[in-house]
Amino acid sequence: MTAHPLTDVFEEHRPLLMDVAYRMLGRVADAEDVVQDAWLRWSRADRDEVRAPRAYLVRVTTRLAIDRLRQVRARGEAYVGPWLPEPYVTEFGDTVPDTAERAVLAESVSLAVLVVLETLSPLERAVFVLREAFGYPYAEIAALLDRGEAAVRQLAGRARRHVEERRTRYEADPARRRDLTERFLAAAAGGDLAGLMSLLAPDVRLVGDSGGKAKTPVRVLHTADKVGRFLIGAARKDGPGLTLRYVETNAGVAILALAGDRPDALFQLDVVGGRITTVYIIRNPDKLRSLADL
């Protein structure tokens with residue numbers, strides 16, 4: 001295999017590898033590093049030993065992601081305030097035409113699910129991602145991870161129960177989420193507290209992630225009254241100096257706030273039954289760098 005086809009094969013599978021790595025890590029920069037390391041392994045691999053490039057690349061990427069996740073956890077770095085995954089630009093387009101498959105992929109990359117995945121062990125997370133997000137058979141996952149199929153099934157069952165117990169329900173209809181996000185923005189930007197409160201579930205939460213590098217609540221806010229008043233106050237104070245645009249991150253519409261050309265904040269909503277159940281605000285500048293070119 002010459003260098004050009006070698007690159008072509010890898011580039012064909014790069015989006016899949018990035019999707020796997022990001023779901024494993026919840027961090028765009030780490031996922032990109034893992035995919036780059038996978039390329040180096042691929043470029044040095046014995047071509048005679050690689051009978052199925054896709055399987056080989058997914059195996060290498062998954063194992064590298066497991067190693068990276070273990071390293072991150074071993075460092076035990078303290079994080080100021082709530083932690084949220086780094087926003088990930090998703091554009092399924094026509095690559096995932098099936099509605100059911102699109103819904104599964106969208107939920108697997110949602111902020112709510114990724115937060116829960118942080119509580120799994122690296123192996124549990126790998127099995128969950130490969131099985132639930134990408135539909136890999138247990139036997140194939142076992143081969144990818146060099147584990148017995150029975151052990152993989154146990155890991156999958158444990159991970160699934162854990163996620164089901166902790167994740168919130170998910171509104172998959174993109175049109176409904178877009179409509180509610182637009183109404184949310186109009187009410188908050190317009191200082192319409194009553195209108196905003198009508199969109200919020202009574203037990204709504206606001207989760208702000210700044211890593212101590214910007215202003216967000218250092219604790220999760222609860223109840224429509226507290227969340228609504230915080231959002232109206234923030235819009236009055238900071239809104240006039242910001243440019244707002246809609247983007248698609250983590251398979252859902254989000255509001256990107258720009259200070260000049262610099263991403264300042266990203267807002268994304270969890271929606272259930274036509275009401276907002278969670279407001280996510282990401283203001284950690286390290287997590288917004290990948291959105292600078294949107």
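In the predicted model, Arg 23 counts as buried, at 1% relative accessibility. This arginine lies in helix α1. Its side chain makes a polar contact of 2.8 Å with the side chain of Ser 108. Leaving aside neighbours within four places in sequence, Arg 23 is in contact with Leu 105, Ser 108, Val 109, Leu 114, Leu 117, Arg 125, Val 129, Ala 133 and Phe 134.

The protein as a whole contains 12 helices and six strands. Its radius of gyration is 20 Å, close to the 19 Å that the globule rule gives for 294 residues, so the protein is as compact as a globular protein of that length. Along the principal axes, the C-alpha atoms fill a box of roughly 65 × 40 × 40 Å. Of the 294 residues, 48% are buried. The accessible surface comes to about 14300 Å², and carbon and sulfur atoms account for 51% of that surface. Among contacts between residues at least 6 apart in sequence, 67% join residues at least 24 apart.

The largest nonpolar core has 52 residues, and within this core Met 24 and Leu 117 touch the most other members. Two or more residues of the core come from each of α1 (3-25), α2, α3, α5 (111-117), α6 (122-133), α7 (138-145) and α8 (149-166). Helix α1 supplies the largest share, 11 residues. With residues up to four places away in sequence not counted, Met 24 touches Ala 65, Ile 66, Leu 69, Pro 122, Arg 125, Ala 126 and Val 129.

Side chains of opposite charge can pair when their charged atoms come close. The structure holds 20 salt bridges. In one of these, Asp 30 pairs with Arg 68, with the closest N and O atoms 3.3 Å apart. The two residues belong to distant parts of the chain, Asp 30 to helix α2 (residues 28-44) and Arg 68 to helix α3 (residues 53-75), with a separation of 38 residues. Both Asp 30 and Arg 68 are buried. The relative accessible area of Asp 30 is 16%, and that of Arg 68 is 17%; each value falls under the 20% limit for buried residues. Beyond four places in sequence, Asp 30 touches Leu 25, Arg 68 and Val 72. The C-alpha atoms of Asp 30 and Leu 69 are 9.2 Å apart in space, while the two residues are 39 apart in sequence.

Arg 68 also meets the side chain of Asp 33 in a salt bridge, at an N to O distance of 3.6 Å. Asp 33 lies in helix α2 and Arg 68 in helix α3, so this pair ties together parts that are 35 residues apart in sequence. Asp 33 is partly exposed, with a relative accessible area of 36%, whereas Arg 68 counts as buried.

A further salt bridge joins the side chains of Asp 286 and Lys 213, at 2.3 Å from N to O. Asp 286 lies in helix α12 (residues 285-288) and Lys 213 in the loop between β1 (200-209) and β2 (221-222), so the pair ties together parts that are 73 residues apart in sequence. Asp 286 counts as partly exposed, at 29% relative accessibility. Elsewhere, salt bridges that share partners join Arg 27, Glu 118 and Arg 125 into one network. Arg 125 is also among the residues touched by Met 24 and among those in contact with Arg 23.

Helix α12 also contains Lys 287. This lysine is buried, with a relative accessible area of 8%. A polar contact of 3.4 Å joins its side chain to that of Tyr 79. Apart from residues up to four places away in sequence, Lys 287 touches Tyr 79, Trp 83, Leu 84, Pro 85, Glu 86, Pro 87, Asp 209 and Ile 282.

Conventions. Residues numbered from 1 in each chain as written. Predicted model: local features only at pLDDT ≥ 70, side-chain atom pairs only at ≥ 80, totals over all residues. Heavy atoms only, no water. Salt bridge = Lys/Arg side-chain N within 4 Å of Asp/Glu carboxyl O. Helix = DSSP H or I, 4+ residues; strand = E, 2+ residues; numbered from the N terminus. Buried < 20%, exposed > 50% of the residue type's maximum accessible area, 1.4 Å probe, protein only. Core = buried A, V, L, I, M, F, W, Y, C linked by side-chain atoms within 4.5 Å. Contact = heavy atoms within 4.5 Å. Rg over C-alpha atoms; globule rule 2.2 N^0.38 Å. Areas by Shrake-Rupley, 256 points an atom, 1.4 Å probe, with all protein chains shown as cover. Polar contact = N/O pair within 3.5 Å; in protein donor to acceptor, adjacent residues only side chain to side chain.
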